[in-house]
Amino acid sequence: ISMNKKKTVLLIDGENILHQSFHRFEKLKSTDGKSSGAIFGFFKSLHMYLTRFEPDEVYISFDNGHSPIRMKLLPNYKGHRKNISVDYESLQSQKAIIMKMLGMLRINYIFDKNNNTVYEGDDFLAYLAIKKFQSEKVILISSDKDFNQLLNKNLRVYNPRKDEMIRVENCKDLFGYHAHETVEYLAIVGDTSDDIPGFPGIGPVKARKILDDGRIEKFIAQSKNKEYLQIWKRNEQLIDLFWFVRHNPLEKLPLKSKKKFKYDKFKKVCIEYSLSSFLTDQFIQPFKELHHE
């Protein structure tokens with residue numbers, strides 16, 4: 001056996017899984033009425049990823065507000081997220097419990113609690129993919145299209161909503177653009193999930209044509225619309241993760257990494273939130289196996 005077999009690293013968009021779980025199991029409560037759907041869904045998903053992908057290492061990132069850099073570029077960045085009719089308190093309290101439980105199970109997570117950085121959860125994942133694990137086998141779990149720009153021969157993106165594995169080879173078939181065109185394409189058509197408006201009057205078909213004709217700069221230079229250049233410069237900075245990581249060096253990754261497996265504490269939380277299905281050997285085994293060094 002070759003000694004330098006590539007490690008499999010899972011990079012998980014925790015915020016993405018959290019919101020998905022929260023909506024999917026909204027009605028779930030503990031016996032004494034505490035909301036537990038987000039916690040239940042989150043760990044159910046996490047268990048599935050561990051058994052399915054059998055990673056050597058796992059990193060889960062969470063948001064703490066929006067990046068001040070992006071807010072300055074676009075004040076309404078991710079604006080609609082504030083208006084969604086969500087029981088925000090319940091979501092935040094369950095998120096805090098999830099992070100505690102991750103610690104008990106020794107799962108690495110990243111949360112910039114005191115906003116010491118200008119990074120959002122996505123940027124931390126990009127940082128790890130670009131700077132730390134570029135030569136390992138990486139599976140990034142998120143339904144966020146922005147991550148397509150990170151695809152390469154070592155990195156795949158798994159979209160949990162569609163149960164779909166996105167590779168550098170099938171990206172264009174699935175989305176209509178190659179991995180290396182992600183930033184340009186999304187900058188032109190806009191990204192509704194982040195409230196980033198694109199070029200006015202240009203949809204997917206025209207965007208595809210612009211990219212087929214050469215680069216976006218060429219189109220802007222030939223265009224009569226003066227607005228396009230400003231929109232492109234702004235959107236590139238909002239969407240381009242390579243640009244972001246390069247221009248905002250991290251002094252320290254706000255990584256929470258625990259060494260001890262605290263099963264008794266974990267068990268207590270599970271009982272408190274009526275999550276008895278998490279107390280089976282079958283559930284706990286993949287978590288135990290993770291730290292085998």
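Helices here are DSSP runs of H or I at least four residues long, numbered from the N terminus. With that in hand, let's walk through this predicted model, starting on the inside.

The largest nonpolar core has 49 residues. Those with the most contacts inside this core are L11, L128, L150, F199 and I202. Helix α5, which covers residues 121–132, contributes the most to the core, with six residues. Apart from this core lies another one, made of 42 residues, including F43, F62, L275 and L290.

Now pick out L150 and look around it. Setting aside neighbours within four places in sequence, L150 is in contact with A126, A129, I130, L140, L155, L241 and F242. Is A126 buried or exposed? It counts as buried, because its relative accessibility is 0%. Leaving out residues up to four places away in sequence, A126 touches L150, L241 and V245. A126 and L241 are 115 residues apart along the chain, yet their C-alpha atoms are separated by 6.4 Å.

From the cores, let's turn to open space. Rolling a probe the size of a water molecule over the atoms shows where empty space is left. The second largest pocket holds about 370 Å³ of space. It is lined by 16 residues, and the closest to its centre are R24, G41, K44, S45 and M48. Which helix gives the largest share of this lining? That is α2, with six residues. Both α1 (14–24) and α2 (37–53) supply at least two lining residues each. Sorted by class, the lining has eight nonpolar, six polar and two charged residues.

Note on methods
Residues numbered from 1 in each chain as written. Predicted model: local features only at pLDDT ≥ 70, side-chain atom pairs only at ≥ 80, totals over all residues. Heavy atoms only, no water. Core = buried A, V, L, I, M, F, W, Y, C linked by side-chain atoms within 4.5 Å. Buried < 20%, exposed > 50% of the residue type's maximum accessible area, 1.4 Å probe, protein only. Contact = heavy atoms within 4.5 Å. 1 Å grid on protein atoms, 1.4 Å probe; cavity = no way out; pocket = protein on both sides within 12 Å on 5 of 7 lines; lining within 4 Å. Points joined across faces, edges and corners; volume = space filled by probe spheres on them. Nonpolar A, V, L, I, M, F, W, Y, C, P; charged D, E, K, R; others polar.
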